[in-house]
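Visitor: I would like to go through this model by way of its contacts and packing. Please show it first.

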Amino acid sequence: MWGPEQQNELERQERLQKERKLDAADMGVVEVDPAELARYRAKQKQTHNRYIQKRQAMMKKGSRENTHLKPGTPTWIGDADWDAVMQRTFLSCKLQRVPHLSAAQAFVVRDVAAPPRMIDLAASLGGGLVASVAHIARPPGPIIRYGRALSQQRALWISSGARNMSPNTIDLIKKAVTHAATTTTGTRWTLICQAEFSRLAAQGRPDHRRRQEIVALATATEKAGLPAHEKRHCQSLSEFATNCRHVMI
């Protein structure tokens, strides 16, 4: 017997079928009306922006806890002037000095507005605090907190070209993911091989609201040799770093 529930289910299935077709068109697999595809992409972007705004609001609310360095905080100070005065100040703060960026939760730099590229990426991945030397010596001084990119759901393939082009950066990313997996905070990132990347990219995005972000770090030459539905997931290292960065305070 046909009733309102059956009609609603039919309409829902028709909407899902239409979304799947538009997803396929977005990946270049099928062709649809360009105007309809443009409207669909605009709707997808609006949904994504609403999610980002909601997430930023939640993160900003959580960041109000504090932005000062607590005793014992694993801290990297490779960019600071490590003179005798700085050594005494660092010891008086009882911070834990770590030799690797991937293990740090705080970073002491000369200028928080322009930290070195590797520190910026490390802080973005782990959601660390970036503090000025002045903050260590005479708090309160300039200090900012980064959002934690490793808390986002992401599958990452790193190509051989990207590894060869920027071995230090790739090593930092891998160590950050590995280190986070051993902590109580954990990580929602997964490092995958090319075959797994191709499989996930071919699946498309059946539900854009809950999909896992798929990212490929690849050179321009490698990207040019990939099929269209895989190219859309490719990022350069600079694009990747920008997408990971979210300064909260």
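Visitor: Which lysine meets the side chain of aspartate 171 in a salt bridge?

Guide: This is a predicted model, in which local features need pLDDT of at least 70, side-chain atom pairs count only at pLDDT 80 or more, and totals for chains, interfaces and linings use all residues. Residues are numbered from 1 along each chain as its sequence is written, and side-chain values use heavy atoms, with hydrogens and water left out. A salt bridge here is a side-chain nitrogen of Lys or Arg within 4 Å of a carboxyl oxygen of Asp or Glu. At 3.3 Å, N to O, the partner of aspartate 171 is lysine 175.

Visitor: How many residues apart are aspartate 171 and lysine 175 in helix 7?

Guide: Helices (H or I, at least four residues) and strands (E, at least two) are DSSP runs, numbered from the N terminus. An α-helix has 3.6 residues a turn, so residues three or four places apart point the same way. In helix 7 (residues 167-181), aspartate 171 and lysine 175 are separated by about one helical turn because they are four residues apart.

Visitor: What is the relative accessible area of lysine 175?

Guide: Buried means under 20% relative accessible area, exposed over 50%, and partly exposed in between (1.4 Å probe, protein chains only). Aspartate 171, with 34%, is partly exposed. Lysine 175 is also partly exposed, with a value of 38%.

Visitor: Which residue forms a salt bridge with glutamate 196?

Guide: Both members of this pair lie in helix 8 (residues 194-203), three residues apart, about one turn of the helix. With the closest N and O atoms 2.6 Å apart, the partner is arginine 199.

Visitor: How many residues apart are arginine 245 and aspartate 120?

Guide: Their side chains meet in a salt bridge (2.6 Å, N to O). Arginine 245 is partly exposed at 35% relative accessibility, whereas aspartate 120 is buried at 9%. The pair links distant parts of the chain, the segment after helix 11 (237-244) and helix 4 (residues 117-126), and the separation is 125 residues.

Visitor: Which residues are on the face of helix 7 turned away from its buried side?

Guide: Helix 7 has 15 residues and reaches 21 Å from first C-alpha to last, close to the 21 Å expected at 1.5 Å a residue, where the expected span is 1.5 Å times one less than the number of residues. Its buried residues are Thr169, Ile170, Leu172, Ile173, Ala176, Val177 and Ala180. These cover an arc of only 155° around the axis, so they lie on the same side of helix 7; the arc is that of the directions from the helix axis to the C-beta atoms. The face turned away carries the exposed residues Asn168, Thr178 and Ala181.

Visitor: Why are strand 7 and strand 9 described as edges of the sheet?

Guide: Two strands pair if DSSP finds at least two bridges between them. Four strands form an open, parallel sheet in the order 7-6-8-9. Strand 7 (189-192) and strand 9 (234-235) are at the edges because each has a single partner strand, which leaves one side of each without a neighbour in the sheet.

Visitor: Which residue in strand 7 stands opposite leucine 156?

Guide: Strand 6 (residues 154-158) and strand 7 pair in the parallel sense over four bridges. Opposite leucine 156 stands leucine 191.

Visitor: Which residues touch the most other members of the largest nonpolar core?

Guide: A nonpolar core is a set of buried Ala, Val, Leu, Ile, Met, Phe, Trp, Tyr and Cys residues joined through side-chain atoms within 4.5 Å. Elements giving two or more residues to this core are strand 3 (106-109), helix 4, strand 6, helix 7, strand 8 and helix 11. Of its 33 residues, those with the most such contacts are Phe107, Ile173, Trp189 and Phe240.

Visitor: How far apart are the C-alpha atoms of serine 159 and alanine 218?

Guide: Serine 159 lies in the loop between strand 6 and helix 6 and is buried at 0% relative accessibility. Contact means heavy atoms within 4.5 Å; leaving aside neighbours within four places in sequence, serine 159 is in contact with Leu217, Ala218, Thr219 and Glu222. Serine 159 and alanine 218 are 59 residues apart along the chain, and their C-alpha atoms are separated by 5.3 Å.
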